[in-house]
Amino acid sequence: MELKSLFFLSIFLFSLGLYGVLSRRNAMGILIALELIFNSANLNFGIFSKIHANPSGVMTILFGIGITAAEIVLGFAIVILLFRLRKTSNADEVHILRG
Amino acid sequence: MDLGLLAFIAWWAPFFSFLIIGVFIRKYGKLSAALSIIAISISLISSIVILLNIRALENPVLKDIVWLPFGTKKGLAGPESIFFGLFLDNLSAIMLFIVALVAFAVQVYSIGYMGEETPPSLGRYYAYHSLFAFSMIGLTFSKSILQMFVFWELVGVCSYLLIGFYYYKPEAARAALKAFWITKLGDVGFITGILILYFKFGNLDIFKLINDPAILKSAGGVASVILMLIFCGAIGKSAQFPLHIWLPDVMEGPTPVSALIHAATMVAAGVYMVSRLFPVFREFPDVMWIITILGAFTAFLAATMALVQEDIKRVLAYSTISQLGYMMAALGAGSLVAGFFHLFTHAYFKALLFLGAGAAIHAVHSNSIWDMGGLFKKAPITAITFGIATLALAGIPPFAGFFSKEEILVATYSYANKIPFYLLLITVFLTAFYMGRAYTVAFFGNPRSENAKHAHDPDLSMKFSLVLLAIFSVFAGFYAGKISHLLEYLTAHEAIEHHGGLNLTVLSLSFALIGLLSSYYIYARAPQVADNTRERFSFVYTMLQRRYYIDDLFEWIYRRIILGLSAFAGWWDRHIVDGLVNWVIYTTARLGRSLRVIQTGIVQDYLFYIALGSIVLLVLILRGF
């Protein structure tokens, strides 16, 4: 398989994630879609690492996954607190910062 | 004896009285009165002691502290510094006596006259009086012109407070404001003159100025302008044309206050200032000429207005303006002695006239001379003392006014231009006539009102003051030689040629006598003459009644021009300046309103914008901008 065709997978994942982030109402869904974007970025790191034969790209993926896991935990915690407070986890129903 | 210390005591005693009354004992009227009178007595006694030891004053007593240090070097104030201090010489010693005596007489008189006031009101009255005496004495002793200006303004404030003493009367409040504003108009010139003088010559010290007028003389035109500006202050304060309009309104205050203001304090300040700086003024004939002609014209103008007044205090008020004109004319004609001597004598008989008028008003409860009449029999002491003052004002020997007026006529007669002399000579007749009219109507004949039938002499304190001032009105004239001798050091170059002296005396005396007798004849025996004249020359009568429309002119200027300008400024501020600010506010608010719609508060919208922005950026980058 052509290595570069994996870029299309990456673009597809990113677009899917972006679409999910913008269109999902549920905050959980947004976070999950966000993961897709992360994955597309990580995939890019992996591809370039392979092309340039440089292992630091793969190392970056490891770090990235770790950081993403931590960040997602934080995100979930915020959503849970939001739900306790507002009895909803829909992002469009929380707009107290409306101008 | 240390005369400087005495002068200092005379100066500050009334101030401490003011302080104590104002802070502690204002609520106790009688106590305040007593304290104030004690303080002014101290001043009076000090001034008498100074006068008795006046020989010791051959060299002026100068004491000062640095007030505003300028050009300081090594902790020492530079020569441009302004000093605050005491300048005691013959002139200020005599002036101190005038102020202290009249203030004393007025304060004693006020015990009786203001007896019906409530205690706090009486305390306030005496506090003002003490402050007034302090300010005027401070002005007298001023060492620098700036210090003089400060006390000058203090005098103005005190007269404002006292004229407006019955502040709940709208006319009184109005008169107080009028006096304050009109004199301020002149003071603007005064302070401008002081500033130019300081920046041009770096010297405001009166002693230095009068001892070395040549410095100013060598500067020429600009010095003339400075002196003219300084004289503007005197025009306002001493009620010279065209700023005389405030003085007649002073009568809205209590009568003793009028006596004080008209005689020794407020209006005397202008004449005193010119006398003080006389050696400087003398060096500038063009300024002197203006002073003379303005003084003579004022004297004449005011005398004509006095002819038709019905309020006894108004008659006296116009006569004050007229007599101040005399003083100014004499000073301008180059005779310090004549001008200052008239100030000296005038202070006594004018204070006496006002106090006498106050006694008459007190007796009949009306200001109009047509409500009085026949007071000679009912209130003999009032009538006799008032009569003495009338004769003194008219210039009948041996009363004080005769001598001083004589000197003034001689001085103006020997002046190059004869117009002031003739104006003043006619005014002698007019003065005698209007005073004769007022006296005849008020004191002779039959009582013209119910109250006048039950009139009586005032109580002891008022009588005391009347008699005290009457004595001075009789004898002050004999000090002509003494005063001219005392002022010699200021008038070294003054050379009055007494040519035509006797003829002049006869002339002015006959004018005065004709005035007095004709007025007596007309108002006591043939009142129809007055009525006929009034009807025949009704337009003149109206013009005099309307005071030559000068007040109307001022009012017109105020209403049309000043208020118009204010209205325009107000419109400009409200519409142009505020409009600009409002436009900025409005635009900002509008912009904010139209931009707030994109702040939805929904996080996904923001993400959408970010994504959109990123795509746009991406496209731009790919196209290489």
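In this model, 10 residues of chain B are in contact with 10 residues of chain A, where contact means that the C-beta atoms of two residues, placed from the backbone, lie within 7 Å. On the side of chain B that touches chain A, the residues divide into 5 nonpolar, 4 polar and 1 charged; Ala, Val, Leu, Ile, Met, Phe, Trp, Tyr, Cys and Pro count as nonpolar, Asp, Glu, Lys and Arg as charged, and the others, Gly among them, as polar.

The model is predicted, so that local features need pLDDT of at least 70 and side-chain atom pairs count only at pLDDT 80 or more, while totals for chains, interfaces and linings use all residues. Residues are numbered from 1 along each chain as its sequence is written, and chains are lettered from A and ligands numbered from 1 in the order in which they are written.

Chain B can be described as a whole by the values below.

| Property of chain B | Value |
|---|---|
| Span of the C-alpha trace along its principal axes | about 120 × 65 × 55 Å |
| Buried share of the 625 residues | 51% |
| Share of contacts with a separation of 6 or more that join residues 24 or more positions apart | 82% |

A residue is buried if 20 or more other C-beta atoms lie within 10 Å of its own, exposed if 12 or fewer, and partly exposed in between. The secondary structure of chain B comes to 27 helices and 2 strands, taken as DSSP runs numbered from the N terminus (helices H or I, at least four residues; strands E, at least two).

Leaving aside residues up to four places away in sequence, B:A351 touches B:V102, B:A105, B:V106, B:A259, B:A263, B:A264 and B:L469.

Elsewhere, B:D573 is placed in helix α26 (residues 550-595) of chain B, and B:D573 counts as exposed because it has 11 C-beta neighbours inside 10 Å.
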